[in-house]
Amino acid sequence: IEAADRGQQNKHFTIRKEPNEITETDSTALVGVPESFNEFVKHSSLKDLEHEASRIVVGKKGAGKSRTLAHLVKVVCGRTTVDYLVDIEDSFRVDDIEALLSTGLNGTVLLVCDDVHRLEGPRNIHPFRRLVRRLKTEIGDEGRLIALCSVRSERINELPHIKRFDEDPVWNEFEKTRLNSLDTESVKEILESSLNAMDRDTSQSVVEALAQAVIEIDPTPLYTVTIAQQLGSDSVDTEMEIKELLPQDIATAWKEDYQVLLEESPTTVSLLRTLKVFDRIYLPTNEGFVREVFRGAFDVSFVEYERALSKLVQRHWVEYRELEYSSGIKNRLVTHRAQLESIPVVPKSVIVNLTDYLYEWKPASFDVEDERLARFHTRILKYCRLHQEIEHAELEKHAEKAIDLAPADLAVQTSVAVFYAELGRDDRALELVTDAADTNSDHPVSNYNCGNLLIKIREPDR
């Protein structure tokens, strides 16, 4: 009955033929807002757009997504011969696709959907995504489909099959940063380029004197670029003045930089605090792990994650570089302890969110064996013991996960038994240490732990 009603009413989409001009009335009907203000569409990101390309407008509620979408629709209709403009309503469902296709669309089709996240469909089947695929097939090579839609940034991760781009310009920046010492000419080149970009004094004498000072203190890209950013807009004339201005160690420079970051980007600071947590837990800092933690630990949106990570790279607080291991060369995320030490006390919410997120990880996600992942969970227990504000009972799932992953690992059994003993769960602690002692009857540590716990619970005869 519902399908029949949909076919008769056709209220879930509207089709307009040859829309050469979009008026204020058309704009209101399409996206619910009148034609965009002139000062709004002068935003730099909307200039010189390729008007025949499909686009997704992403932003928070009230950020101006609908107005931006209205502007893009007007631009496309004004610069391209559009044969059909299809407006998708919030009530559009997968069942409506056949009714839309039966109208015989051809040529250039402009598909518009404001707040695409409001559409509902069966599990992992989004109506808009399915419609785009079907339209491309129906129109064929002779036609062209231009799709314009908007979505709230906090909802983008909820869309099924959301495309993740292989080319990630943010992470590519890690490849450009190295801790290796630079030669004098390279330091000069970086300084001159950085100072030029900030319209600061780049006279030969200043660059020479600054380069010499950097070489003596710390000739790495981190220190070189940081110093160029911190010099300020005032010109300096003598080598003595430059030496007095420069921090004499990189930790001082990083601490000053952190204060700037603290004021500019609270989201980035949260991510830095997360870095501090898994730096203490000694978790593997491979690219995939860091990506997932940043995207999921704080429930931040995909867009906010990109922006925060860009800040980290621009400030040189982390870098991605090659490290040599016994198994060969691997890329790893490198954090600098001098920077992390300047971070205030990590809030309880940061630790709890991160540990909860790690609980869901599988060994394959880390590219490690079960035993190693089990030890990561025991490290979480050890780290959180230092934070009295965290309820130890909340960490019991990590203890049991460690045992599940490596039930015969003596180190894991010992760490988990100590955790349960501190928690007052003597029964579970005794079960673990006696099992370890029985399994490793000739091992001094397993026997000592078992005897020690029996004395603690006042059963020395056993």
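This passage walks through the fold of a predicted model, from its overall make-up to a few individual residues.

Since the model is predicted, local features are reported at pLDDT of at least 70 and side-chain atom pairs at pLDDT 80 or more, while totals for chains, interfaces and linings use all residues. Numbering starts from 1 along each chain as its sequence is written, and side-chain values use heavy atoms, with hydrogens and water left out.

Overall, the protein has 23 helices and seven strands; these are DSSP runs numbered from the N terminus, with helices (H or I) of at least four residues and strands (E) of at least two. Of its 462 residues, 46% count as buried, where buried means under 20% relative accessible area, exposed means over 50%, and partly exposed is in between (1.4 Å probe, protein chains only). Taking contacts (heavy atoms within 4.5 Å) with a separation of 6 or more, 71% are between residues 24 or more positions apart.

Next comes the sheet. Five strands make up an open sheet with mixed pairing, in the order E1-E3-E4-E5-E2; two strands pair if DSSP finds at least two bridges between them. Strand E1 (13-17) and strand E2 (55-59) are the edge strands, each pairing on one side only. From one strand to the next, the twist averages 15 degrees. Within this sheet, E3 (residues 84-88) and E4 (residues 108-113) run parallel and share four bridges, and Val86 has Leu111 in E4 as its bridge partner.

Helices also sit on the sheet. Helix H4 (residues 65-79) touches E2, E3, E4 and E5, and its direction makes about 170 degrees with that of E5. H6 lies across E3, E4 and E5 and runs at about 175 degrees to E5. Angles like these run from 0 to 180 degrees between N-to-C directions, and axes are lines fitted to C-alpha atoms, for helices over the stretch in contact.

Elsewhere, there is a helix pair to look at. Two packed helices are described by the angle between their axes and the distance between the axes. For H12 (residues 250-264) and H13 (residues 266-281), the angle is about 125 degrees and the axes are 6 Å apart. The two helices are therefore oblique to each other, given that under 35 degrees counts as roughly parallel, over 145 as roughly antiparallel, 65 to 115 as roughly perpendicular and the rest as oblique. H12 brings Tyr258, Leu261, Leu262 and Glu264 to the contact, and H13 brings Pro266, Thr268, Val269 and Leu272. These residues divide into six nonpolar, one polar and one charged (Ala, Val, Leu, Ile, Met, Phe, Trp, Tyr, Cys and Pro count as nonpolar, Asp, Glu, Lys and Arg as charged, and the others, Gly among them, as polar).

Most residues other than glycine have a negative phi. Glu18, though not a glycine, has a positive phi of about 45 degrees. Glu18 is in the loop between E1 and helix H2 (24-31) and is exposed, at 52% relative accessible area. Asp115, also not a glycine, has a positive phi of about 55 degrees. Asp115 belongs to the loop between E4 and H6, and at 9% relative accessibility it counts as buried. Asp141, in the loop between helix H6 (127-139) and strand E5 (144-152), is exposed at 82% relative accessible area. The C-alpha atom of Asp141 is 9.6 Å from that of Gly107, 34 residues apart along the chain.
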